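I opened my notebook to record what I looked up, entry by entry. The model comes first, then my notes.

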Amino acid sequence: MLRQFLSKIPRSFGNSDSPELTRPNSFMTAGLHTHRSNSFNSGCGRPCATKRTSSSIFPASVVAGIEPLLPFKNAPNSEKMNLFVSKVSLCCATFDFSDATKNSIEKDVKRQTLLELLDFVASGSIRFSEPAILAMCRMCSTNLFRVFPPNYRSITSNNGENDDDDPIFCSAWPHLQIVYDLLLKFITSSCLDAKVAKKYIDHAFILRLLDLFDSEDPRERECLKTILHRVYGKFMVHRPLIRKDISNIFYRFVFEEERHNGITELLDIFGSIISGFALPLKEEHKIFLQRVLIPLHKPKTLGVYFQQLSYCVTQFIDKDPKLSSTVIKGLLKYWPITNSQKEVMFLDELKDILEEIDMVEFQKVMVPLSWQIGRCINSFHFQVAERALLFWNKEHIINIIAHNRHVIFPIILPALEKNARNHWNPSVLNLTLNVRKMFMDIDDGFFMSCLIHLKEEEAELSKSAEKRKKAWERLENAANHRPPTTRNTAALVTHSTTSIS
């Protein structure tokens with residue numbers, strides 16, 4: 001059976017002298033026709049309830065089968081590169097992996113060929129020629145670059161939040177994984193000349209690679225993260241473009257769609273990029289912090305990528321401590337009002353920043369920051385109140401507060417007194433009393449004067465409230481004793497005329 005379909009394949013397929021391998025950009029358009037399976041079309045408009053696999057598949061191929069070629073170990077060194085090009089060209093044939101019974105023999109032959117190519121690239125025995133680089137890029141484009149179907153879970157869920165947190169796995173992943181591993185080995189190989197490869201791993205190739213980060217399969221996104229990081233490290237000429245393209249994805253996520261599957265992985269990549277920034281920081285990088293990273297605190301799905309985002313922000317502050325006040329102002333701007341879980345995350349990040357902030361930067365933001373912390377202390381959500389009260393456990397924070405106590409005490413003390421009187425949670429109440437005692441230890445005299453002033457203000461407010469109450473009572477009594485008036489009564493008005501003689 002195998003001989004029958006192999007005998008029908010043209011022998012010129014996969015030849016390294018083929019004209020389509022001599023055109024520099026042919027791999028970007030060859031074999032990219034999209035094919036959708038019947039199972040996806042029949043379920044369009046709602047997510048499949050029984051099958052937990054992605055509907056995205058490889059584009060269809062006109063090739064009926066794949067010819068297994070000579071093993072590398074049996075080929076002379078002078079022919080190994082031509083054999084490599086031939087094998088890579090054969091792997092441009094694509095199949096529908098949503099149906100495991102379809103083209104099973106051809107799929108297995110292609111899989112064995114890919115594994116053989118992976119071993120050959122990992123061995124690093126021969127320097128890759130330009131036709132080999134072109135063929136490799138074309139094969140990866142054909143197999144990897146595809147359009148994802150709409151995310152129905154995101155469309156049908158409330159407010160754009162996914163109720164179902166289970167990941168969706170791609171049915172073609174066993175095959176995709178080999179292609180990704182092959183691309184990674186190829187990019188990191190010492191036999192690849194970056195000056196030649198940059199003509200084919202160009203801006204268009206990287207843009208298509210970034211589009212794949214929206215895949216719903218977390219395994220694919222993890223592979224892409226590693227590959228893009230290696231591309232950024234090897235091709236220095238593409239670094240500004242990569243940073244710009246990732247920024248554009250963040251812009252669309254924050255200001256337009258608020259839905260993207262790869263924000264966590266992209267922030268992971270940027271965390272490594274930021275750690276390599278030279279000092280002093282360029283204005284471009286500071287703008288990225290202000291216009292991209294700080295607004296990323298706004299979306300409702302912050303919890304998905306908060307750890308990676310916080311790491312990126314911390315990296316910037318480590319590079320330039322003067323940016324700490326800028327970050328705190330941004331956090332205060334996007335501070336959540338009705339989402340207590342986001343408030344907890346904001347407080348955690350704020351605590352990390354305050355542990356490193358210097359006196360000058362703190363004084364720029366201490367007034368609005370103290371008011372916000374005071375509101376959090378009085379929060380009825382016990383976790384928010386606890387996080388705000390735990391700020392005072394850090395020695396550096398205590399020192400800067402003690403130095404600026406004449407500004408901070410009058411703002412924070414009313415919140416502490418309100419908690420001490422009527423907060424419902426015992427843990428929050430105990431923490432409040434501890435912080436109150438710490439304030440007294442810092443400056444007992446000033447604390448007592450603030451407390452006296454607070455009581456005087458409360459007495460004045462109580463008098464004002466009493467006066468207001470009595471005024472309303474007088475108005476109510478006056479209204480009750482007023483004689484009733486007849487409503488909707490028509491009155492006849494007569495006009496007298498005087499004759500003038």
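**Cysteines**

I looked up Cys376 and found it buried, at a relative accessible area of 0%; buried means under 20%, exposed over 50% and partly exposed in between, with a 1.4 Å probe and protein chains only. This is a predicted model, where local features need pLDDT of at least 70 and side-chain atom pairs pLDDT 80 or more, while totals for chains, interfaces and linings use all residues. Residues are numbered from 1 along each chain as its sequence is written, and side-chain values use heavy atoms, without hydrogens and water.

I searched the whole structure for disulfides (cysteine sulfur pairs within 2.5 Å) and found zero.

**Core**

I noted that the largest nonpolar core has 133 residues; such a core is a set of buried Ala, Val, Leu, Ile, Met, Phe, Trp, Tyr and Cys residues joined through side-chain atoms within 4.5 Å. Met139 is one of the residues that touch the most other members. Beyond four places in sequence, Met139 is in contact (heavy atoms within 4.5 Å) with residues including Cys91, Cys92 and Leu114.

**Helices**

Val367 lies in H17 and is partly exposed at 37% relative accessibility.

Conventions:
Helices (H or I, at least four residues) and strands (E, at least two) are DSSP runs, numbered from the N terminus.
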